[in-house]
Amino acid sequence: MKLPFSLHCMLTAGLLLSGSFPVCGEAPIPTDKPSQTQEAPQQNHAKAEYTATFPAPIPGIPMPMNLSAMDGVSLDSVHIDLAVRQHEVLVIYTCTLTCDAQQAGKKLPMGIPFQYKLPDAEANASSPLPIHRVPFSKSLGDISVGVNQLAEEWKQVEGRHPQYQAPSLQQVSDITHWLTFSPKLKQGPNTLTIHFTVPYRQTRQYLPHQDGAQIIQNPLLFQMDLNAIRTWSAPIQHGEILIFSEEMLPDSLNLISPQDKNAVTRSEKGVMKWDFTPQAGQPPTDTLALEFGPRLSFRENANEKRTSLKLNNTPIRIPGDYKIETSSSAGADPFGNACSPDNLREGSQGFWAEGAEGDGESQFILITFPTPQKLEGLLIQPGISPVRLGRNGDTEARRHPAIAYSLYNRPHSIRVILNDGQYEFKATLRDDWNEQLVIPPYFKGSVKSVKIILEKITQGANSEDTFLTGAIPLVK
């Protein structure tokens with residue numbers, strides 16, 4: 001199965017057909033929708049410039065879902081911890097609320113608003129170059145809500161706030177995605193805790209050239225909207241955000257907003273702290289925006305070979321002489337092709353799946369270099385990428401890629417061991433079939449072996465085997 005250059009290079013960059021850059025949180029929608037029977041072009045090289053955006057939910061501040069029911073309840077303080085991972089952020093809220101005697105013991109509806117705009121489902125599925133369209137119900141992970149050390153039930157719901165026309169809800173009147181809960185507060189102070197994981201937003205660009213294309217994978221972006229704090233009747237007494245690296249280098253965190261860098265302090269270990277308590281006489285800062293990780297760029301020629309690879313303008317390369325082995329391999333993929341470990345290399349058109357009993361946890365991929373190399377990163381492509389399939393593949397899977405992709409297990413997190421135990425790190429992955437850059441934090445030495453262990457698995461609906469489309473080392 002051999003893809004044409006035009007489709008392959010745009011696929012590598014995870015591109016949608018769009019001639020302009022998308023707005024925040026929004027993926028571009030193809031303007032020319034192909035018919036349900038149209039095949040991807042096989043010969044013509046793309047000439048236009050494209051940009052694709054992988055959307056991510058933008059969380060807000062806990063707020064009332066019934067304004068009249070919250071009379072007598074105040075939000076006194078908000079402390080937010082952001083644990084930065086390779087392809088997701090763990091968000092932890094610790095809020096102090098004070099409740100009067102009249103409202104104590106009643107169920108008080110509250111919610112966290114999320115900005116989350118997805119591409120049109122029909123247009124996205126019909127495009128030969130779609131993104132993985134993740135519904136809001138599956139966009140957050142590891143959700144937990146509690147009040148006064150007691151667990152609370154929660155729901156992910158869609159629709160406008162029932163009182164969105166109220167003047168105090170002007171800042172969130174267009175929000176249509178919520179994490180809701182209804183705790184019973186006691187009289188006096190209460191501690192509300194909420195945590196969840198959320199993926200990053202990312203854009204990728206395709207810039208055509210006469211002899212190929214330039215692909216630019218921009219840094220990951222995390223945003224948080226603080227507008228909802230103004231939906232409370234009284235201003236909070238204290239608000240702060242603490243940002244720390246869990247799976248990434250601290251110096252890879254680039255603060256975009258607030259623009260006043262003096263408002264944010266950074267410790268020797270890279271921990272960032274922002275006091276966003278409203279200041280008298282000063283306009284509020286409504287958004288936290290952080291970029292993570294390097295910018296990856298490369299050129300791809302008509303022979304589908306990548307050259308001129310760079311991480312933040314530092315030249316890197318894909319080695320061609322490494323050995324790749326796996327702990328097990330399935331007999332064949334769903335399309336009848338062998339699941340060889342070599343399918344994980346650059347330019348392969350096949351897939352690999354582990355063949356052990358169970359869902360594949362603890363199965364591994366072992367990459368060995370003939371001589372020690374300076375490892376700069378790994379390009380991991382989770383699951384089955386249905387848009388990779390050529391004429392001999394499943395055209396129905398290409399037309400409905402999110403469904404096809406979701407049928408099969410894929411890794412949610414991996415553990416990477418360098419030099420047979422000399423250094424080890426963990427990396428979470430976004431639930432998407434496109435290539436994701438995994439960076440080894442802190443390790444600066446030479447690498448002879450890279451062991452990639454499947455750790456946490458996202459379950460598919462139709463298979464026990466866990467699939468990967470690619471696992472490619474990047475070295476200096």
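The following legends describe close-up views of a predicted model.

In this predicted model, local features require pLDDT of at least 70 and side-chain atom pairs pLDDT 80 or more, whereas totals for chains, interfaces and linings use all residues. Residues are numbered from 1 along each chain as its sequence is written, and side-chain values use heavy atoms, with hydrogens and water left out.

**View 1. The five-stranded open sheet.** The strands follow the order β23-β25-β31-β28-β29 with antiparallel pairing; strands are DSSP runs (E, at least two residues) numbered from the N terminus, and two strands pair if DSSP finds at least two bridges between them. β23 (323–326) and β29 (423–428) each have a single partner strand, so one side of each of these edge strands lacks a neighbour in the sheet. On average, neighbouring strands are turned by 20° against each other, direction ignored; axes are lines fitted to C-alpha atoms, and angles run from 0 to 180 degrees between N-to-C directions. Five bridges connect β28 (residues 413–418) with β31 (residues 447–454) in the antiparallel sense. Arg415 has Ile453 of β31 as its bridge partner.

View 2. Glu424 and Arg415 form a salt bridge (a side-chain nitrogen of Lys or Arg within 4 Å of a carboxyl oxygen of Asp or Glu), with their closest N and O atoms 3.1 Å apart. Lys426 and Glu455 meet in another, at 3.8 Å from N to O. This second pair links Lys426 in strand β29 to Glu455 in the loop between β31 and β32, 29 residues apart. Through shared partners, salt bridges join Arg415, Glu424, Lys426 and Glu455 into one network. Glu424 is partly exposed, at 43% relative accessible area, where buried means under 20%, exposed over 50% and partly exposed in between (1.4 Å probe, protein chains only). Arg415 is also partly exposed, at 26%.

**View 3. The salt bridge between Lys323 and Glu325.** The two side chains meet at 3.7 Å, N to O. Lys323 is partly exposed, with a relative accessible area of 48%, and Glu325 is likewise partly exposed, at 34%. A search of the whole structure finds 15 salt bridges.

**View 4. Lining of the largest pocket by residue class.** The lining comprises 16 nonpolar, 11 polar and nine charged residues. In this classification Ala, Val, Leu, Ile, Met, Phe, Trp, Tyr, Cys and Pro count as nonpolar, Asp, Glu, Lys and Arg as charged, and the others, Gly among them, as polar.

How values were computed
Helices (H or I, at least four residues) and strands (E, at least two) are DSSP runs, numbered from the N terminus.
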